[in-house]
Protein chains: 2
Amino acid sequence: MSTKKQKNGNTIFFENAPRITSFAAVCGSKESAGILGNYADITLQDDMYGESTFEKAECKMLATAISLAIEKGGYREKDIDVLLSGDLLNQIISASFAARDFNFPFLGVYNACSTMSEAMLLGAAFVNAGYIKRAVAATGSHFASAERQYRYPLELGCTRPPQAQWTVTGAGGCVISDGDKGIKIVNGTMGKVCDYGVTDVNNMGAAMAPAAADTILQHFKDTGTDPTDYDLILTGDLGALGSRIVKDLTWEKGFDISANHVDCGEIVYKVIEMEFQGGSGAGCSATVLNSYILTKMSSGLYKRVLFAATGALLSTVSSGQGESIPCISHAVQLEV
Amino acid sequence: MSTKKQKNGNTIFFENAPRITSFAAVCGSKESAGILGNYADITLQDDMYGESTFEKAECKMLATAISLAIEKGGYREKDIDVLLSGDLLNQIISASFAARDFNFPFLGVYNACSTMSEAMLLGAAFVNAGYIKRAVAATGSHFASAERQYRYPLELGCTRPPQAQWTVTGAGGCVISDGDKGIKIVNGTMGKVCDYGVTDVNNMGAAMAPAAADTILQHFKDTGTDPTDYDLILTGDLGALGSRIVKDLTWEKGFDISANHVDCGEIVYKVIEMEFQGGSGAGCSATVLNSYILTKMSSGLYKRVLFAATGALLSTVSSGQGESIPCISHAVQLEV
């Protein structure tokens with residue numbers, strides 16, 4: 001064990017700087033009209049992906065993203081020590097059934113749409129400690145499976161309110177490895193549950209923004225950095241409204257992130273698609289990070305990125321029982 | 001980073017031996033008629049626990065077990081660095097809402113009824129690496145919330161088949177800390193997903209036994225131990241039938257665990273309660289471990305225990321779509 005301080009506040013420092021050595025993303029047909037169309041490895045023509053149900057299609061996307069990340073890194077199945085994954089479906093069946101396809105251990109994780117950063121934090125922690133050489137962190141979501149599980153059957157044709165977002169159909173994953181090539185994971189800030197009392201299940205951005213602000217501010221404090229130290233402060237799926245709120249909340253505490261804050265949900269769809277507040281779902285930040293962002297980091301456009309995915313920890317049961325929406329955000333600092 | 005080998009096969013060795021310094025369990029009224037009646041910290045008279053819904057009662061049990069574990073260790077909230085928790089409800093709402101009560105970070109984990117050992121493995125890994133001083137690992141379940149989510153509304157009064165088990169109403173948790181007092185967590189074996197094609201959702205024991213056998217055998221191989229090295233090989237909730245199967249499967253591979261294998265599901269209820277195969281649910285192993293077993297370890301009755309909780313990674317949707325039941329088991333080796 002090193003004698004160097006490995007934690008400050010809620011941030012764990014990875015002194016051996018585990019690397020993201022490869023990454024991959026699969027996205028749906030609607031998503032391919034936006035930036036993902038140019039950066040995802042596979043863009044589906046049919047969101048059923050040759051399967052008989054939406055859930056099976058979601059699982060196949062996730063398994064494909066995992067396989068592709070392994071393959072693109074020049075690895076084989078035996079080179080991977082563990083899969084860290086979870087998803088929005090009840091009992092994280094996409095991740096569990098995807099894990100069935102692989103002959104390495106599986107640790108199921110779930111923090112809703114912050115699952116990507118949670119999995120990356122855990123994977124980096126394991127690699128940094130020398131427990132393992134290589135982990136895969138991955139997650140995904142599917143618009144149609146999320147709609148029928150969380151909201152209404154698509155067949156009902158319900159109208160969406162203006163504060164709503166659109167669940168991204170897509171999956172993304174990356175290999176976190178020891179060694180000295182690739183994008184460094186420098187540290188990770190573990191989030192706390194924040195609940196500001198929002199009960200509107202159509203307004204995830206407003207519910208999640210306080211959690212994002214809490215983790216971003218905690219990260220600045222723990223690492224002694226400020227917004228100008230980052231090329232990009234990337235949130236997961238706050239959408240347009242949530243992004244405005246997170247800018248306000250951090251500004252109130254003396255940090256102006258407006259110049260370099262970008263939300264994956266805000267950029268995933270083309271503006272002309274009119275998806276109200278933008279994209280959401282675990283697949284939102286997973287696809288944008290594991291295609292566009294990491295590609296741009298690899299080419300040197302972004303040198304230092306704070307990735308803070310955000311999750312709304314509700315279920316249809318908790319909302320039905322009148323509960324508000326507790327939220328969380330975990331962050332990892334990435335550098336080239 | 002230490003130069004000593006920290007991993008062999010799928011087992012991570014914790015050379016600094018993180019300690020379980022305190023533990024606590026809460027159980028329901030039915031459960032208090034068995035061994036938990038003498039060993040749990042709180043035995044409920046009313047399984048609603050003063051709440052308006054089963055789900056809220058489940059959450060309150062979990063939050064209480066977490067609080068009690070912290071309190072019994074002489075700790076305060078500020079002494080805890082992270083909560084590792086998950087549960088069987090959709091979107092692990094018991095854990096997420098319980099986490100809302102505490103002012104420390106939360107990492108949501110889910111591997112069904114193997115969540116307890118998964119959380120302990122992750123907590124021990126973080127403490128051992130020196131990232132944190134102290135983690136709480138906890139989980140729980142509630143018979144009534146599980147029945148209506150996974151099976152049928154209680155009001156229907158459905159008959160249970162003889163291969164069925166009874167979901168334990170209870171929650172348990174422990175504090176994993178650095179230092180040199182308490183029960184050591186020596187290593188942890190990460191499980192792989194195993195699926196032998198069982199589709200009967202009433203026969204969890206048969207579905208999960210291959211995963212338990214796989215992890216136990218992997219553990220023996222990685223650590224160079226055999227059944228005689230353990231005072232107890234403790235599985236989570238295989239029940240009577242599943243326990244027979246795991247004994248057969250390990251025996252076929254040359255390891256006879258019959259002399260020291262005990263299943264939490266088999267011992268949690270009194271035999272006269274006629275619960276067919278016994279107890280199940282994430283709360284089953286969590287309560288038995290965090291009361292009876294750890295008490296007996298503390299008093300020196302058991303010196304070396306292999307705890308391998310087992311989880312069935314299905315959902316009502318996956319079963320409804322004709323899928324078989326993938327299962328997993330993670331193990332931690334405990335020593336005094």
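Is A:Gln91 buried or exposed, and what is its relative accessible area? A:Gln91 is buried, with a relative accessible area of 4%. The views below come from a predicted model, in which local features need pLDDT of at least 70, side-chain atom pairs count only at pLDDT 80 or more, and totals for chains, interfaces and linings use all residues. Residues are numbered from 1 along each chain as its sequence is written, chains are lettered from A and ligands numbered from 1 in the order in which they are written, and side-chain values use heavy atoms, with hydrogens and water left out.

View 1. A:Gln91 lies in the loop that joins β5 (82–85) to α3 (93–99) in chain A; helices (H or I, at least four residues) and strands (E, at least two) are DSSP runs, numbered from the N terminus. B:Tyr49 occupies the loop between β4 (42–43) and α2 (54–72) of chain B and is buried, at a relative accessible area of 16%. Buried denotes under 20% relative accessible area, exposed over 50%, and partly exposed in between (1.4 Å probe, protein chains only).

View 2. A:Ser318 counts as buried, at 3% relative accessibility. Apart from neighbours within four places in sequence, A:Ser318 is in contact (heavy atoms within 4.5 Å) with A:Glu323, B:Ile93 and B:Phe97.

**View 3. Crossing of helices α6 and α7 in chain B.** The axes of α6(B) (residues 204–223) and α7(B) come within 8 Å and cross at roughly 40°; axes are lines fitted to C-alpha atoms, for helices over the stretch in contact, and angles run from 0 to 180 degrees between N-to-C directions. The angle therefore makes α6(B) oblique to α7(B), a term for angles that are not under 35 degrees (roughly parallel), over 145 (roughly antiparallel) or 65 to 115 (roughly perpendicular). Residues of α6(B), including B:Ala209, B:Ala213 and B:Leu217, meet residues of α7(B), among them B:Ile245 and B:Leu249.

**View 4. B:Ser258 in the loop between α7 (239–252) and β12 (261–263) of chain B.** B:Ser258 counts as partly exposed, at 40% relative accessibility. The C-alpha atoms of B:Ser258 and B:Ile233 are separated by 9.3 Å, although these residues are 25 residues apart along the chain.
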